Amino acid sequence: MSGFASSLDVLPILGILFQFVGYVVANSSFMSQTTVAVAVPIAFAALCGVMCERSGVVNIGLEGIMLTSAFVGWVVGAAAVGLLGEGAPAPFYGVTMPLVVGLVAAILAGMAVSLLHAWLAITLRVDQIISGTIINIGAVGITGYMYTLLAPQSPVGAGEFSAFVVPTQVANLPLVGWLLNAVLGQGPIGMAMIVLVIVLQIMLFRSRWGLRTRAVGEHPRAAETVGIDVIRLRYRNVVMSGALAALGGAWLTMEHGSSFSPNMTAGRGFIGLAAMIVGRWTPLGALGAALLFASATGFSTSLQISPPSGDLGHLMAYVPGEFWEALPYIITIVILAGLIGRSVAPAADGQPYERESAS
């Protein structure tokens, strides 16, 4: 009799679980689109980390690269509006000339900061963790100071790229409509992220460049003996990876919004590093981890806009809003705590390389 009574106690829990599943299914289209959008800067940061660490260079300055690029893109875009005018937005993604100029400037800024990190880490052989920390601290201080100088003038940015509107017939397709809407319903930077993940996955494991990159990250001395220029390859990969992190920063001020605020990256660069580790230093794995971390934000946003009803709604009402804001970081810590010992970084990751003398 007591066993039967205990089984009855489980029924309310099962009911709430079914309500939760039903709520997720009913709001899957919105949550999936929000999740993909939130994952864009995290995935770009993770891709930057993959390129660097596969080459043997640790780059924890992703936060600083993204913040610098976000600020430069916003400022240059605003200046371009003053010089060129706002311009008529193109029918596709709402592209204007000031937006293009700002985006190019953001990418160049990210590559310049990455070049600084490469010079410190590869040429001067400074501790790579310290080099990345300097970049993060410097970016927060410089962009914050410059913002206080520009804020009283209330500069107007170049606007923002618009998201692609998926046709209703496609979005309403059974089974796959919500997925197509989430993937295709992004702006140009978000779409570029998806394309670049696929391209980098193929290039890293199916091209001569990828083979050389992985060789330099695993055993640079052996790579040098077969004619690979380790220093040049590391420089090139670190600088080019800065363009990826820069796109993540530009997304914040040119696609997610059209304004800048101090320290607006809010730890996305560090979450990108976590996504890189969870994804085992592969582009597809990093994207999957970024989507996992971003799903918490997608779920919490859905709760704010369309809260559930019934017992599930009453239960969610007792959960403070701060919990949902901290949930992506909690998930990051929990997953890293379980995987950090199982994920193996490239063998030469973080080790400075010095050529042997000819004599």
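This is a short tour of one structure, stop by stop, with something to select at each.

Before you start, keep in mind that the model is predicted.

**Stop 1**

Which helix gives the largest share? That is H4, with five residues.

Stay for a moment on Leu84, which lies in helix H3. Its relative accessible area is 54%, so Leu84 counts as exposed, the cut-off for that word being over 50%.

**Stop 1: aromatic rings**

Next, turn to the rings. A pair of aromatic rings is described by the distance of the centres and the angle of the planes. The structure holds seven aromatic pairs. For one of them, select Tyr147 and Phe260: the ring centres are 5.8 Å apart and the planes stand at 55 degrees, so this pair is tilted. Trace the chain between the two and you will pass through 113 residues of separation, because the pair links distant parts: Tyr147 sits in helix H5 (residues 128-150), and Phe260 in the loop between helix H11 (230-254) and helix H12 (268-278).

Are these two residues buried or exposed? Tyr147 is partly exposed, with a relative accessible area of 23%, whereas Phe260 is buried, at 4%.

With Tyr147 and Phe260 they form one aromatic cluster.

**Stop 2: the largest pocket**

Time to look at empty space. Rolling a probe the size of a water molecule over the atoms shows where such space is left. To find the largest pocket, select Val38, Arg268, Thr297, Pro328 and Tyr329, which lie nearest its centre among the 20 lining residues. The space in this pocket comes to about 400 Å³.

Which elements give two or more residues to its lining? Colour helix H2 (28-54), H12, helix H13 (283-305) and helix H15 (321-339) to see them. H13 gives the most, with six residues.

**Stop 3: the largest cavity**

A search of the whole structure finds three cavities of 30 Å³ or more. The largest cavity holds about 50 Å³ of space. You have already coloured H2 at the pocket, where H2 is among the contributing elements; in the lining of the largest cavity H2 gives the most, with four residues.

**Stop 4: salt bridges**

For the last stop, show the charged side chains. Side chains of opposite charge can pair when their charged atoms come close. How many salt bridges does a search of the whole structure find? There are four.

Begin with Arg125 and Glu354, whose closest N and O atoms are 3.8 Å apart. Arg125 lies in the loop between H4 and H5, and Glu354 in the segment after H15, so this bridge ties together parts that are 229 residues apart in sequence. Both ends are partly exposed: Arg125 has a relative accessible area of 39%, and Glu354 one of 48%.

Then move to Asp229, which is partly exposed at 27% relative accessible area. One of its partners is Arg232, at 3.8 Å from N to O; Arg232 is exposed, with a relative accessible area of 58%. Another partner is Arg355, with the closest N and O atoms 2.4 Å apart. This second pair links distant parts of the chain: Arg355 is in the segment after H15, and Asp229 in the loop between helix H10 (220-225) and H11, 126 residues apart. Arg355 is partly exposed, at 42%.

Salt bridges with shared partners join Glu224, Asp229, Arg232 and Arg355 into one network.

Technical notes. Residues numbered from 1 in each chain as written. Predicted model: local features only at pLDDT ≥ 70, side-chain atom pairs only at ≥ 80, totals over all residues. Heavy atoms only, no water. Buried < 20%, exposed > 50% of the residue type's maximum accessible area, 1.4 Å probe, protein only. Phe/Tyr/Trp six-rings, centres within 6.5 Å; stacked < 30°, edge-to-face > 60°. 1 Å grid on protein atoms, 1.4 Å probe; cavity = no way out; pocket = protein on both sides within 12 Å on 5 of 7 lines; lining within 4 Å. Points joined across faces, edges and corners; volume = space filled by probe spheres on them. Salt bridge = Lys/Arg side-chain N within 4 Å of Asp/Glu carboxyl O.
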